[in-house]
Amino acid sequence: MRIVPHYYIVLNQPCSHYISLINFLLYGRYKDCLLLCTPTHGNLGDQAIALAEIEFLRNEGISFFEVTSEQLDNKYDFYSKFSTKKQKILVHGGGFLGDIWVKEEIRFRNILLSFFDKKIIVLPQTISFDCKK
(Lines give C-alpha, C1' and ligand atoms only; values in the text may rest on other atoms or scores of the structure.)
Protein backbone atom coordinates (compact mmCIF):
# COMPACT_ATOMS: atom_id res chain seq x y z
CA MET A 1 0.00 0.00 0.00
CA ARG A 2 1.35 3.38 -1.04
CA ILE A 3 1.08 6.24 1.47
CA VAL A 4 0.16 9.55 -0.14
CA PRO A 5 1.22 12.72 1.72
CA HIS A 6 -1.64 14.96 2.88
CA TYR A 7 -0.41 17.96 0.89
CA TYR A 8 -0.61 15.89 -2.30
CA ILE A 9 -4.27 15.11 -1.66
CA VAL A 10 -5.05 18.77 -1.07
CA LEU A 11 -3.14 20.00 -4.10
CA ASN A 12 -4.58 17.26 -6.30
CA GLN A 13 -8.18 18.58 -5.89
CA PRO A 14 -9.84 20.83 -8.49
CA CYS A 15 -8.92 24.48 -7.89
CA SER A 16 -12.50 25.69 -8.35
CA HIS A 17 -13.53 24.00 -5.09
CA TYR A 18 -10.82 25.78 -3.10
CA ILE A 19 -11.55 29.12 -4.73
CA SER A 20 -15.18 28.71 -3.66
CA LEU A 21 -14.17 27.88 -0.08
CA ILE A 22 -11.80 30.84 0.16
CA ASN A 23 -14.40 33.19 -1.31
CA PHE A 24 -16.94 31.94 1.20
CA LEU A 25 -14.56 32.57 4.10
CA LEU A 26 -13.79 36.06 2.79
CA TYR A 27 -17.25 37.18 1.67
CA GLY A 28 -19.95 34.56 2.26
CA ARG A 29 -20.33 34.98 5.99
CA TYR A 30 -21.33 38.62 5.48
CA LYS A 31 -24.29 37.84 3.23
CA ASP A 32 -27.96 37.57 4.20
CA CYS A 33 -28.27 34.02 2.93
CA LEU A 34 -26.61 31.09 1.21
CA LEU A 35 -28.15 29.95 -2.07
CA LEU A 36 -27.35 26.24 -2.22
CA CYS A 37 -27.51 23.62 -4.98
CA THR A 38 -27.57 25.83 -8.03
CA PRO A 39 -27.02 23.64 -11.08
CA THR A 40 -23.87 23.20 -13.11
CA HIS A 41 -25.32 20.57 -15.44
CA GLY A 42 -26.73 21.33 -18.87
CA ASN A 43 -30.48 21.26 -18.15
CA LEU A 44 -31.60 24.64 -19.47
CA GLY A 45 -34.80 24.57 -17.41
CA ASP A 46 -32.82 24.33 -14.18
CA GLN A 47 -30.47 27.03 -15.41
CA ALA A 48 -33.43 29.32 -16.11
CA ILE A 49 -34.85 28.69 -12.64
CA ALA A 50 -31.49 29.52 -11.03
CA LEU A 51 -31.21 32.70 -13.12
CA ALA A 52 -34.71 33.77 -12.02
CA GLU A 53 -33.89 33.04 -8.36
CA ILE A 54 -30.73 35.13 -8.53
CA GLU A 55 -32.56 37.97 -10.30
CA PHE A 56 -35.33 37.87 -7.67
CA LEU A 57 -32.84 38.05 -4.78
CA ARG A 58 -31.00 40.96 -6.39
CA ASN A 59 -34.23 42.86 -7.11
CA GLU A 60 -35.31 42.42 -3.48
CA GLY A 61 -31.94 43.67 -2.22
CA ILE A 62 -31.09 40.36 -0.54
CA SER A 63 -27.37 39.68 -0.45
CA PHE A 64 -26.43 36.05 -1.00
CA PHE A 65 -23.51 33.71 -1.55
CA GLU A 66 -24.09 31.07 -4.21
CA VAL A 67 -22.82 27.51 -3.72
CA THR A 68 -23.34 25.14 -6.64
CA SER A 69 -24.22 21.48 -6.13
CA GLU A 70 -20.70 20.40 -7.04
CA GLN A 71 -19.12 22.93 -4.68
CA LEU A 72 -21.36 21.76 -1.85
CA ASP A 73 -20.74 18.01 -2.20
CA ASN A 74 -18.84 16.60 0.78
CA LYS A 75 -18.41 20.11 2.24
CA TYR A 76 -21.74 20.46 4.04
CA ASP A 77 -20.16 20.70 7.47
CA PHE A 78 -17.67 23.33 6.31
CA TYR A 79 -20.35 25.66 4.98
CA SER A 80 -22.55 25.02 8.01
CA LYS A 81 -19.76 25.64 10.50
CA PHE A 82 -18.67 28.92 8.98
CA SER A 83 -22.11 30.32 8.16
CA THR A 84 -23.69 32.51 10.79
CA LYS A 85 -26.75 31.62 12.87
CA LYS A 86 -28.79 34.46 11.35
CA GLN A 87 -28.07 33.52 7.73
CA LYS A 88 -30.98 31.95 5.88
CA ILE A 89 -30.30 28.85 3.82
CA LEU A 90 -32.04 28.89 0.43
CA VAL A 91 -32.21 25.67 -1.56
CA HIS A 92 -32.51 26.00 -5.34
CA GLY A 93 -35.97 25.22 -6.67
CA GLY A 94 -36.98 22.98 -9.55
CA GLY A 95 -38.03 19.37 -9.44
CA PHE A 96 -35.28 17.27 -7.93
CA LEU A 97 -36.86 16.13 -4.66
CA GLY A 98 -38.14 12.59 -4.42
CA ASP A 99 -36.97 9.26 -5.80
CA ILE A 100 -36.42 10.19 -9.45
CA TRP A 101 -33.13 12.07 -8.87
CA VAL A 102 -31.79 10.10 -5.89
CA LYS A 103 -28.41 11.88 -5.71
CA GLU A 104 -30.18 15.25 -5.45
CA GLU A 105 -32.54 13.91 -2.77
CA ILE A 106 -29.55 12.68 -0.74
CA ARG A 107 -27.85 16.06 -1.19
CA PHE A 108 -30.99 17.78 0.14
CA ARG A 109 -31.15 15.48 3.17
CA ASN A 110 -27.49 16.25 3.90
CA ILE A 111 -28.37 19.95 3.85
CA LEU A 112 -31.15 19.34 6.39
CA LEU A 113 -28.74 17.43 8.64
CA SER A 114 -25.87 19.90 8.35
CA PHE A 115 -27.85 23.14 8.63
CA PHE A 116 -30.35 21.92 11.26
CA ASP A 117 -29.75 25.00 13.44
CA LYS A 118 -30.52 27.51 10.68
CA LYS A 119 -33.67 28.57 8.88
CA ILE A 120 -33.89 26.57 5.64
CA ILE A 121 -36.10 27.83 2.84
CA VAL A 122 -36.77 25.53 -0.10
CA LEU A 123 -37.60 27.54 -3.21
CA PRO A 124 -40.57 26.28 -5.29
CA GLN A 125 -40.03 22.61 -5.88
CA THR A 126 -41.81 19.68 -7.48
CA ILE A 127 -41.65 16.56 -5.32
CA SER A 128 -42.19 13.11 -6.78
CA PHE A 129 -42.18 9.72 -5.06
CA ASP A 130 -43.20 6.45 -6.67
CA CYS A 131 -45.87 4.97 -4.41
CA LYS A 132 -45.16 1.44 -5.69
CA LYS A 133 -41.68 1.27 -4.13
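Which residue forms a salt bridge with Lys 85? The partner is Asp 117, with the closest N and O atoms 2.7 Å apart. A salt bridge here is a side-chain nitrogen of Lys or Arg within 4 Å of a carboxyl oxygen of Asp or Glu. The model is predicted, so local features need pLDDT of at least 70, side-chain atom pairs count only at pLDDT 80 or more, and totals for chains, interfaces and linings use all residues. Residues are numbered from 1 along each chain as its sequence is written, and side-chain values use heavy atoms, with hydrogens and water left out.

The count comes to 5 salt bridges. Lys 85 lies in the loop between H5 and strand E3 (88-91), and Asp 117 in the loop between helix H6 (102-114) and strand E5 (120-122), so their bridge ties together parts that are 32 residues apart in sequence. Helices (H or I, at least four residues) and strands (E, at least two) are DSSP runs, numbered from the N terminus. Lys 85 is exposed, at 60% relative accessible area. Asp 117 is partly exposed, at 31%. Buried means under 20% relative accessible area, exposed over 50%, and partly exposed in between (1.4 Å probe, protein chains only). Asp 117 also meets Lys 118 in a salt bridge, at 3.2 Å from N to O. Lys 118 is buried, at 10% relative accessibility.

Another bridge joins the side chains of Glu 104 and Arg 107, at 2.6 Å from N to O. These residues are 3 apart in helix H6, and are therefore separated by about one helical turn. Arg 107 is buried, with a relative accessible area of 4%. Salt bridges link Asp 73, Glu 104 and Arg 107 in a network.

Glu 104 also belongs to the lining of the largest pocket. Other lining residues include Cys 37, His 41, Asp 46, His 92, Phe 96 and Trp 101. The lining divides into 4 nonpolar, 5 polar and 2 charged residues. In this division, Ala, Val, Leu, Ile, Met, Phe, Trp, Tyr, Cys and Pro count as nonpolar, Asp, Glu, Lys and Arg as charged, and the others, Gly among them, as polar. The volume of the largest pocket is about 210 Å³. A pocket is an open set of points on a 1 Å grid where a 1.4 Å probe fits, with protein on both sides within 12 Å along at least five of seven lines; lining residues have an atom within 4 Å of a point.

The whole structure holds 2 aromatic pairs. Rings of Phe, Tyr and Trp (its six-membered ring) pair if their centres lie within 6.5 Å; planes under 30 degrees apart count as stacked, over 60 as edge-to-face and the rest as tilted. Phe 78 and Tyr 79 are edge-to-face, at 5.4 Å centre to centre and 85° between the planes. The rings of Phe 78 and Phe 82 have centres 5.0 Å apart and planes at 50°, so this pair is tilted. Phe 78 and Phe 82 are 4 residues apart in helix H5 (residues 76-82), separated by about one helical turn. Tyr 79 is buried, at 0% relative accessibility. Phe 82 is partly exposed, at 29%.

The largest nonpolar core has 17 residues. Such a core is a set of buried Ala, Val, Leu, Ile, Met, Phe, Trp, Tyr and Cys residues joined through side-chain atoms within 4.5 Å. Leu 34, Leu 36, Leu 72, Tyr 79, Ile 111 and Phe 115 touch the most other members. The largest share, 3 residues, comes from E1.

How values were computed: Points joined across faces, edges and corners; volume = space filled by probe spheres on them.
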